[in-house]
Amino acid sequence: MAFGVFVIDPVSDRRLTYEQLLVAMQARVYRPALRPTDMVEACVEVVRAMVFGLELTLFDSDFSAEECAQLGGTAEVLAEERPIVEAAPGTIGEMVERARAQRGLRLRLFTSGSTGLPKRVSHGLDSLTRMLRVSTRHAEDVWGFAYNPTHMAGVQVLVQAFFNGNAMVNLFGAERDVVLDASEAHGVTRLSATPSWYRLLLPVDRPLPRVRGVTLGGERADAALLGRLRAAFPQARLHNLYASTEAGALLASEGDLFRIPKELEARVRVRDGALEVHATLLGRFADGASESTSTDGWYRTGDAVEIVGEEEPLSFRIVGRARDWVNVGGSKVNPAEVEEALREFPGVIDARVTGRPNSVLGHVLQAEIEAEEETRGHPRPTSAELRAFLTGRLQPFKIPRLYAFVERIERTRTGKLQRAGAR
């Protein structure tokens, strides 16, 4: 296995090789709590925790000092250093092998905070490597890294790259032209990001023939987006992942239909139209069991599902977060369904649909639209055009009453579509 560059960060203009990573492992102290200044620092400290089996808490770089303090990351905690007593690895190969064999790691990550203050969840190497693939056919991979490096999805890409000796190119938060330029310049072969990130990237106006793997995670990926990605990256195989900070990666599909693999049949289930995960698959919550864990040990993910095939193995698609559904005149509306329809209108980049209180109906739907100024010679759509477009595609109560055109729909720290109360 050839070990060359580990991280290329066009955002901070930093580069880290595996040789430099090995040198960093010679340090005799570490920080058990970290708010990294950039991707390179985050990667070094996660690898250090894996190699030496350390405890490491990762705070988001954009947490304010007040948020950090609320979550236990006071200035004193973030400045603390502890000694490393174990001998440092002497070679890159030894560094990687020790990380793979190390079982003392406790990596503490924070959820996105979609229902209040983020919660801390602790993971060992087993849950971080549940879907790890190490083989010679992955030896030449170059990852386009488009996740927040302090969150579960970013850590899982880091682990996949590190154990295969791959390079990663930081694309998180970068504009479309930067993403395309960096992917082309550094020969990116695999992209991993949220559906929201891909919607901002499309349409791809130049070929990226070296991309042969496109992975989506963190949000529901609809069939229309998957179709556009297949057209944009015809040489690539699509991987749609179901994962969470609480459990790590669990399910994988090449489309929008998931099946529970045989090895997880006793620990993942669909019940009453929702996905549940057994507590044995979860990380450790800072305050004990999550309030979403039932007395019989099943964790309610909050994801509503639609069963497509009753035969074994059961096939289903994720249709949205149950808490996001809106009551309109006594009828439940899934905002994700309306958003998917709106994105089909030419020039619409993304859409967010929420409920607005109404004294008669309980709620009416309002839509925020992020659209191109002009598409194939046609100006940005009007609200009347969008209403007409949705008529016949959706039931009348599902059609938004209010429309607002925005420059950029707000997204969370993890790059997902921002919902009410989410961070």
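Buried here means under 20% relative accessible area, exposed means over 50%, and partly exposed is in between (1.4 Å probe, protein chains only). This is a predicted model, where local features need pLDDT of at least 70 and side-chain atom pairs count only at pLDDT 80 or more, while totals for chains, interfaces and linings use all residues. Residues are numbered from 1 along each chain as its sequence is written, and side-chain values use heavy atoms, with hydrogens and water left out.

**View 1. Helix α11 is largely enclosed by the rest of the structure.** Helices (H or I, at least four residues) and strands (E, at least two) are DSSP runs, numbered from the N terminus. Of the nine residues in α11 (residues 335–343), eight are buried, so the rest of the structure largely encloses this helix. The buried ones are P335, A336, V338, E339, E340, A341, L342 and R343.

**View 2. Eight strands make an open, mixed sheet.** Two strands count as paired if DSSP finds at least two bridges between them. Read across, the order is β2-β1-β10-β9-β11-β12-β13-β14. β2 (14–17) and β14 (248–253) sit at the edges with a single partner strand each, so one side of each has no neighbour in the sheet. From one strand to the next, the twist averages 20 degrees; angles run from 0 to 180 degrees between N-to-C directions, and axes are lines fitted to C-alpha atoms, for helices over the stretch in contact.

**View 3. Zooming in on β11 and β12, a parallel pair.** Four bridges link β11 (residues 190–193) to β12 (residues 213–216). L191 faces V214 of β12 across the pair. Helix α10 (residues 223–232) packs on the sheet, touching β12 and β13 (237–244), and its direction makes about 160 degrees with that of β12. Contact means heavy atoms within 4.5 Å.

**View 4. Helices α2 and α5 cross at roughly 70 degrees.** The axes of α2 (residues 39–52) and α5 (residues 92–101) come within 7 Å. The two helices are therefore roughly perpendicular to each other, a label for 65 to 115 degrees. M50, V51 and F52 of α2 meet M95, R98 and A99 of α5. That set splits into five nonpolar, no polar and one charged, with Ala, Val, Leu, Ile, Met, Phe, Trp, Tyr, Cys and Pro as nonpolar, Asp, Glu, Lys and Arg as charged, and the others, Gly among them, as polar.

**View 5. The β16 and β17 hairpin has two residues between its strands.** β16 (residues 268–271) and β17 (residues 274–278) pair in the antiparallel sense over four bridges, and V268 stands opposite V277 in β17. V268 and V270 form the covered face of β16, whereas R269 and R271 form the uncovered one. In a regular strand, side chains alternate between the two faces of the sheet. In the hairpin, D272 takes a positive phi near 55 degrees.

Notes:
Parallel < 35°, antiparallel > 145°, perpendicular 65-115°, else oblique.
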